[in-house]
Amino acid sequence: MHNDGRLQVEIIRGVLQPSGKCSSMTSGIMYERLEPRGFTWKEVSEETKKFYFEEFKKYVVWREPEHLVYAAWLKSAPQRYTNLRCKARQAWEDGRLNNRIGQDVWKSWIEDWKSPEFQAKSKIKKSNHMGGIDGDGPYPPTHTGGSKSHSSYVAYLAEKYKRKLNASDVYSYVHTKDHDETTWVDEKSANVFEKLKTLRAERSQPIEGSSIPQPVDENQLFYEAVGGRNKKNRIYGIGSSQDIFYESHSNVVSYYNSNNSQPNIEDYQKLQVELQEMKDRMQEMEQIKQQMQEMDQMKQQMHELKGQLAIIFSNQNYLKLGGGQCNA
């Protein structure tokens with residue numbers, strides 16, 4: 001938290017951190033201005049999108065260039081808007097009224113939700129979400145991470161395991177019941193893990209004449225096990241933590257086509273610690289600077305008080321000596 005009460009944010013691997021607080025803040029701001037025809041993020045006007053970011057800026061501070069902060073914010077804003085719409089639709093389906101949404105917007109959105117086009121798309125998305133199962137029942141759980149972002153689990157698991165993390169650590173933790181890393185939430189999650197184990201066994205086979213298993217890159221194995229990135233440039237199962245374990249899309253293809261190049265997550269984590277230490281030292285220096293400024297102000301006040309006291313003493317001495325008296 002900054003000295004003035006605003007949230008201190010930073011960009012880590014293209015993601016605004018702390019991601020949870022930034023997401024909550026953005027979602028709250030979006031309720032301040034909603035559009036009747038804003039059925040998707042793409043259909044929201046640029047003016048309104050700019051309003052969202054300008055409001056967001058009022059509550060945060062950063063050190064990076066603003067255009068980078070905007071790019072990082074824009075990375076998560078569409079999902080925040082989609083979640084807002086989903087919650088609103090759920091309220092409508094449950095017969096509840098969302099008081100945070102204006103009547104004109106609410107009526108327009110209801111008409112959209114009732115439309116055959118929306119219903120058809122909704123059915124397809126629901127089927128995809130359920131792993132291809134067609135039905136009107138409740139969604140089976142696909143992960144157990146809850147509302148926390150996957151990237152927020154990285155710090156927690158690093159502390160828990162006391163070692164360098166890889167993508168499969170996060171995947172196993174959030175895709176097993178009670179986080180036992182054994183009981184998978186669905187068949188797809190279990191199949192990915194089985195494929196990961198198969199790849200690990202194949203790649204770690206000792207070379208001829210040796211009994212020592214070959215070292216493997218766990219992040220590369222996981223990337224292959226889930227089938228790489230999808231059309232939306234996402235890696236299945238690890239959410240926002242993909243920006244911690246993997247390079248950008250422009251680099252990841254060439255990286256995984258070469259077995260000689262490996263991302264050093266451990267070095268990255270060390271750099272993050274050093275960066276935090278530098279920030280802490282800078283904050284301490286800022287506090288010392290502020291204290292020195294306060295001392296200078298106190299010295300100035302003392303100097304002014306001394307001047308005032310000198311004038312008072314001078315006037316008293318003058319009166320004692322008969323100054324200012326009129327002799328008749």
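Predicted model: local features only at pLDDT ≥ 70, side-chain atom pairs only at ≥ 80, totals over all residues.
1. Arg163 is partly exposed, with a relative accessible area of 40%.

2. Another salt bridge to look at joins the side chains of Glu218 and Arg200, at 2.9 Å from N to O. This pair links distant parts of the chain, with Glu218 in helix α9 (residues 218–225) and Arg200 in helix α8 (residues 187–203), 18 residues apart. Arg200 is partly exposed, at a relative accessible area of 25%.

3. Arg96 and Asp94 also form a salt bridge, and their closest N and O atoms are 3.4 Å apart. Here Arg96 is partly exposed at 47% relative accessible area, and Asp94 is partly exposed at 45%. The structure holds 12 salt bridges, and you will also find Glu54, Lys57 and Glu66 linked in a network of them.

4. Do have a look at Val15, which sits in strand β3 (residues 15–17). Val15 counts as buried because its relative accessibility is 14%, below the 20% cut-off. Leaving aside neighbours within four places in sequence, Val15 is in contact with Glu10 and Asp243. Val15 and Ile244 are 229 residues apart in sequence, yet their C-alpha atoms are 9.2 Å apart in space.

5. Finally, the surface carries a nonpolar patch formed by Leu309, Ile312 and Phe313, with about 290 Å² of accessible area together. Phe313 belongs to helix α12 (residues 265–320) and counts as partly exposed, at 48% relative accessibility.

Methods: Residues numbered from 1 in each chain as written. Heavy atoms only, no water. Helix = DSSP H or I, 4+ residues; strand = E, 2+ residues; numbered from the N terminus. Buried < 20%, exposed > 50% of the residue type's maximum accessible area, 1.4 Å probe, protein only. Contact = heavy atoms within 4.5 Å. Patch = residues over 30% accessible without salt bridge, like charges linked within 9 Å, V, L, I, M, F, W, Y side chains within 5 Å. Areas by Shrake-Rupley, 256 points an atom, 1.4 Å probe, with all protein chains shown as cover. Salt bridge = Lys/Arg side-chain N within 4 Å of Asp/Glu carboxyl O.
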